[in-house]
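Please keep the sequence and the coordinates in view while reading.

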Amino acid sequence: MTGSRPPGPGWETVEPFPFSEARRSFTGGQRGGQLIDLRYFRRTADQTLVALARFGPEAEGAPGRAHGGGVLTVLDEAMGAAAWVKGLPVLTVRISASFRKAVPIGAELLVEMEIVRERGKLVEVRGRLLAPEGLLADSAGTFMKLDGARVKEVFGLESPPRTC
């Protein structure tokens, strides 16, 4: 992938998580593209948060295919990112996914996510992993909102998260 550079006109780079540890995770591209590279963007036409994902050779499960746990990790992080950019600091409570087609190693794939509902302390989000030929996996997640004290305890942040 091209780092955090937008893939083309009409896309803006977004850093959804206001803490540096997020880019040291195994989805942050710190291993030279060998594991999972996940970059976030806002499509300016509709202001939708999307991500581009690439599974490197160390994310391989079956030959030539991404491991299901890696696919689930991408969907989990991307759905959480959808909440964080809306100013809702969250942690995952529950996630489910349906794997529709094999996820190829090395291909640049689109991740779309959408907040479906907020209900008390819970946020429900849906995610989809797409290739040019169609849907590869979809997911649903429930995330718990964190209050300021919990954000400080978990992430060491003094101020509320920013929105992008």
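Strand S5 gives the most to the lining of the second largest pocket, with three residues. Helices (H or I, at least four residues) and strands (E, at least two) are DSSP runs, numbered from the N terminus. The model is a predicted one, in which local features need pLDDT of at least 70 and side-chain atom pairs count only at pLDDT 80 or more, while totals for chains, interfaces and linings use all residues. Residues are numbered from 1 along each chain as its sequence is written, and side-chain values use heavy atoms, with hydrogens and water left out.

The volume of the second largest pocket is about 170 Å³. Of the 11 residues lining this pocket, Gln47, Leu49, Ala82, Val85 and Lys86 are the closest to its centre. On a 1 Å grid over the protein atoms alone, a pocket is an open set of points where a 1.4 Å probe fits, with protein on both sides within 12 Å along at least five of seven lines, and lining residues have an atom within 4 Å of a point. Grid points are joined across faces, edges and corners, and the volume is the space filled by probe spheres set on the points. Strands S3 (48-55) and S5 (109-119) each supply at least two residues of the lining. By class, the lining has six nonpolar, two polar and three charged residues; here Ala, Val, Leu, Ile, Met, Phe, Trp, Tyr, Cys and Pro count as nonpolar, Asp, Glu, Lys and Arg as charged, and the others, Gly among them, as polar.

Of the 164 residues, 41% are buried, a term for a relative accessible area under 20%, with exposed meaning over 50% and partly exposed in between (1.4 Å probe, protein chains only). The accessible surface comes to about 8400 Å², and 51% of this belongs to carbon and sulfur atoms; the areas come from the Shrake-Rupley method with a 1.4 Å probe, and for residues only the protein chains shown count as cover. Among contacts (heavy atoms within 4.5 Å) between residues at least 6 apart in sequence, 62% join residues at least 24 apart.

How is S3 placed within this arrangement? Seven of the eight residues of S3 are buried, so the strand is largely enclosed by the rest of the structure. Strand S2 (residues 36-43) runs antiparallel to S3 and is joined to it by eight bridges; two strands pair if DSSP finds at least two bridges between them. Within this pairing, Ile36 has Phe55 of S3 as its bridge partner. Four residues lie between the strands in the hairpin of S2 and S3, where Gln47 takes a positive phi near 60 degrees. Gln47 is also among the residues closest to the centre of the second largest pocket. S3 is joined to S5 by four bridges, again in antiparallel fashion, and Ala53 has Leu109 of S5 as its bridge partner.

Nine bridges link the antiparallel strands S5 and S6, with Leu129 of S6 as the bridge partner of Val111. These strands form a hairpin with two residues between them, and Gly120 in the turn has a positive phi of about 60 degrees. S6 is in turn joined to S7 by 10 bridges, the two running antiparallel, and this hairpin too has two residues between its strands.

Leu129 stands opposite Ala137 in S7. Ala137 counts as buried because its relative accessibility is 0%. Leaving aside neighbours within four places in sequence, the contacts of Ala137 include Val71, Leu75, Phe99 and Leu129. The C-alpha atoms of Ala137 and Gly68 are separated by 9.7 Å, although the two are 69 residues apart along the chain.

Thr142 is also found in strand S7 (residues 134-145), and with a relative accessible area of 10% Thr142 is buried. Beyond its neighbours within four places in sequence, Thr142 is in contact with Thr92, Val93, Arg94, Leu122, Val123 and Glu124.

Gly61 lies in the loop between S3 and helix H1 (68-84). Its relative accessible area is 37%, so Gly61 is partly exposed. Not counting residues up to four places away in sequence, Gly61 touches Ala66 and His67.
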